[in-house]
Amino acid sequence: MAQRVGTTITQHILNQQRENPQATGAFTNLLNELIVAAKVISREVNKAGLTDILGSTGEVNVQEEQVQKLDVLANRVIIERMQHIGELCCMGSEEVADLIEIPHKYPKGNYILVFDPLDGSSNIDVNVSIGTIFGIYRKISNEPGVDYLLSDVLQPGIKQVAAGYFIYGSSTIMVYTTGNGVHGFTLYPSVGEFLLSHKNIRIPEKGKIYSVNEGNYNYWDEKTRALVDYFKTKDKSSGRPYTSRYVGSLVADFHRNLLKGGIFMYPADLKDPKKPSGKLRLMVEANPLAMVVQQAGGYASDGHGPILEIQPKEFHQRTPLFIGSKHEVSLAEQFISGQRA
Ligand code: AHM
Ligand code: MG
């Protein structure tokens with residue numbers, strides 16, 4: 001069905017689901033509730049500065065509510081809104097060590113929601129864009145009386161049935177895919193609705209931007225350094241040097257490159273022996289964005305192969321990430337796998 005700019009997100013999801021003969025409405029319900037959670041988080045993010053001004057001792061604000069750190073609050077909002085709707089069998093959050101069970105009093109469903117409630121933690125207190133990242137999987141096990149198995153959660157990203165993110169920035173934007181293209185919506189605060197603003201987003205095949213925390217240069221191996229050096233080297237025929245842009249919020253860096261083209265990377269480094277694969281998490285950060293970028297015509301790799309094909313071994317697993325335009329991510333693979341120096 002044709003979608004015009006200004007279509008509400010609810011209408012868009014319904015239209016997409018109408019084209020799926022197996023749709024029961026469960027998925028629509030799930031996404032709609034997630035959108036409500038994001039609207040609540042967006043409101044809290046927008047008044048974050050005020051909370052500091054109006055709060056008293058830092059523990060209780062003027063409404064006599066606990067003043068919470070925004071990431072803790074975002075995590076709580078998502079869990080509380082999503083657990084009662086009857087569409088999920090469990091959740092997994094970057095902020096919670098264990099998988100999140102659905103309390104006994106609520107009905108269970110056939111989907112699994114994984115999320116990073118507020119990505120870009122170093123930017124939360126300094127008024128720079130932050131966001132929520134999510135991925136949705138369908139339960140695969142079918143054991144009577146068992147809500148879910150670990151294997152239901154630890155599915156490769158390619159099994160996601162939907163993924164996307166919300167950015168709380170100069171405006172609040174939602175970008176999502178259900179495997180049928182990538183669509184962007186902007187929250188119109190006065191109306192309280194997300195309206196279609198970015199129809200069928202396609203990432204340029206080749207970009208001009210590279211995004212990486214170059215402060216880590218001396219913690220990288222030679223291959224990674226050679227890759228970044230390549231982007232900086234002057235060569236008119238291949239359009240180099242590239243431009244560097246790095247906000248430090250994955251969602252914001254990713255979103256810019258999705259619209260403009262280029263590559264975001266968080267390579268493996270030697271900074272912390274406990275994190276040999278870099279900083280970012282496979283299930284709540286890399287996989288959802290990998291599905292989005294793939295649906296937009298781009299590519300995501302761990303330097304050796306597609307992110308979406310990695311079989312997770314544990315929920316909080318980390319992975320090196322190279323994501324964006326096909327041209328630059330393929331180049332990164334060539335450097336990291338040693339085919340090119
Ligand atoms: P977070 O989930 O705790 O916010 O950490 C992930 C963030 C990403 O948004 C961002 O790309 C990265 O950490 C920035 O890390 P660094 O400060 O090392 O460059
Ligand atoms: Mg994060």
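Okay, let me start with N110, which counts as partly exposed at 48% relative accessibility. For the whole talk, buried means under 20% relative accessible area, exposed means over 50%, and partly exposed is in between, with a 1.4 Å probe and protein chains only. N110 sits in the loop between β2 and β3; helices (H or I, at least four residues) and strands (E, at least two) are DSSP runs numbered from the N terminus. Its C-alpha is 5.9 Å from that of R138, although the two are 28 residues apart along the chain.

Quick housekeeping. This is a predicted model, where local features need pLDDT of at least 70 and side-chain atom pairs count only at pLDDT 80 or more, while totals for chains, interfaces and linings use all residues. Residues are numbered from 1 along each chain as its sequence is written, chains are lettered from A and ligands numbered from 1 in the order written, and side-chain values use heavy atoms, leaving out hydrogens and water.

Now, the metal. Which residues coordinate the magnesium ion, ligand 2? They are E94 and E285 through OE, and D116 and D119 through OD, at 1.9 to 2.8 Å. Donors here are N, O and S atoms within 2.8 Å of the metal (3.2 Å for Na, K and Ca), and with water not among the atoms, sites may look incomplete. The sequence spacing of the donor residues reads E-x21-D-x2-D-x165-E. E94 lies in the loop between β1 (88–93) and β2 (100–101), and E285 in helix α8 (residues 282–295), so the pair ties together parts that are 191 residues apart in sequence. E94 and E285 are both buried.

A polar atom of its side chain is 3.0 Å from the backbone nitrogen of E95. That is a polar contact: a pair of N or O atoms within 3.5 Å, where within protein one must be able to donate a hydrogen and the other to accept it, and residues adjacent in sequence count only if both atoms are side-chain atoms.

On to ligand 1. There are 16 residues around ligand 1, and G120, S121, Y246, L250 and Y266 come nearest; near means a heavy atom within 4 Å. D119, one of the magnesium-coordinating residues, has a side-chain N or O atom 2.9 Å from an oxygen atom of ligand 1. How much of ligand 1 does the protein cover? It covers 88% of the 470 Å² of accessible area that ligand 1 has on its own; areas come from the Shrake-Rupley method with a 1.4 Å probe, and for residues only the protein chains shown count as cover.

Two elements give two or more residues to this shell: β3 (111–119) and β11 (263–266). By type, the shell has five nonpolar, five polar and six charged residues. Nonpolar is Ala, Val, Leu, Ile, Met, Phe, Trp, Tyr, Cys and Pro, charged is Asp, Glu, Lys and Arg, and the others, Gly among them, are polar. Domain 1 (9–198) and domain 2 (209–336) each supply at least three shell residues; the domain bounds come from an automatic or database assignment.

L250 also takes us to helix α7 (residues 250–260), where nine of the eleven residues are buried. Among the buried ones are L250, D253, F254 and R256. After α7 comes G261, with a positive phi near 95 degrees.

Most residues other than glycine have a negative phi, and most peptide bonds are trans. N127, in the loop between β3 and β4, has a positive phi of about 65 degrees without being a glycine. N127 is exposed, at 78% relative accessible area. N200 has a positive phi as well, near 40 degrees, and lies in the loop between β8 (193–198) and β9 (209–211). N200 is partly exposed at 44%. And the R240 to P241 peptide bond is cis, with omega near 5 degrees; P241 is in the loop between α6 (222–232) and β10 (243–244).
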